[in-house]
Amino acid sequence: MSPPFEPWAKYPDLTAERLSVIANIIRTARQAAVQLHDPEGGDNEWSLGCRAYARTCHAIREAANQYAWLAVVPEDDKPLRFTFAVGHIPVKFYHGEANETPDHYCTVTGPEAGQRQLALEIDGIEMTGHVLRLAVVTDVTREVTKVELVELISESGTPTGVYEIPFNLKPHNVVQLQSKAVDLPPLELEPLPTKEELQAAEEQQKRKKRDAN
């Protein structure tokens, strides 16, 4: 049995907390699209998919203004393509199961290739032969049930690792408790008496004893 896929072990930028933020953004954006879905007014699955995709892209673009580790990779040649980067790692998302990645999501686009090269040059992360995709899984009510990060072999689309991203994961910001520091005044040491001072003190003690007798 292969060990569980932990993205941060291979791609340090892909922490559990960051992936959870992305998963929440995707779920919220798609839920908003579902609430606007109106079959009686002529909406169908195609129109829902287009709206959900557009709203998700927009939500991630807006979030990139809030999170320093999130960025959108410009796809100048194909405006409808959408790639974003977590840290320096490029990622795309699609609607479907982790083991059913659409063929056109298994290939690497030019801008994505440039981002992969950036990850190699800056972080030393080699991504040759693999791509990372987010599978957005929904149920019969069209609500998002889970978002999974899928590492798969490019071109063939064979998954090599799947990580189900937890929603609403709280960041690890626990600080170990320490005792409150106590300010003490600087220690002042009295100088040791000299030999002459010790002899004088001893003679004084002897005189006091003679006088007492």
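The expected span of a helix is 1.5 Å times one less than its number of residues, a rule applied in the second view of this predicted model.

**View 1. The largest nonpolar core and its contributors.** This core has 31 residues, and those with the most contacts inside it are Phe84, Phe93, Leu134 and Leu149. At least two residues of the core come from each of helix H2 (16-36), helix H3 (45-64), strand E2 (83-86), strand E3 (89-95), strand E4 (130-138) and strand E5 (144-153), with the largest share, 6 residues, supplied by H2.

**View 2. Helix H4 and its length.** Helix H4 covers residues 110-123, and because its 14 residues at 1.5 Å a residue should span 20 Å, the 20 Å between its end C-alpha atoms agrees with expectation. After H4 comes Gly124, which has a positive phi, near 70°.

View 3. Glu112, Gln115, Arg116 and Ala119 are the buried residues of H4; seen down the helix axis they fall within an arc of 105°, so they line one face of H4. An α-helix has 3.6 residues a turn, so residues three or four places apart point the same way. Strands E1 (70-73), E2, E3 and E4 are included in what covers the buried residues of H4, whereas the face turned away from the buried side carries the exposed residues Gly110 and Glu121.

**View 4. The surroundings of Leu134.** Leaving aside residues up to four places away in sequence, Leu134 touches Ile22, Ile26, Phe84, Val91, Lys92, Phe93, Tyr94, Val147, Glu148, Leu149 and Ile165.

Terms used: Residues numbered from 1 in each chain as written. Predicted model: local features only at pLDDT ≥ 70, side-chain atom pairs only at ≥ 80, totals over all residues. Heavy atoms only, no water. Core = buried A, V, L, I, M, F, W, Y, C linked by side-chain atoms within 4.5 Å. Buried < 20%, exposed > 50% of the residue type's maximum accessible area, 1.4 Å probe, protein only. Helix = DSSP H or I, 4+ residues; strand = E, 2+ residues; numbered from the N terminus. Contact = heavy atoms within 4.5 Å. Arc of directions from axis to C-beta.
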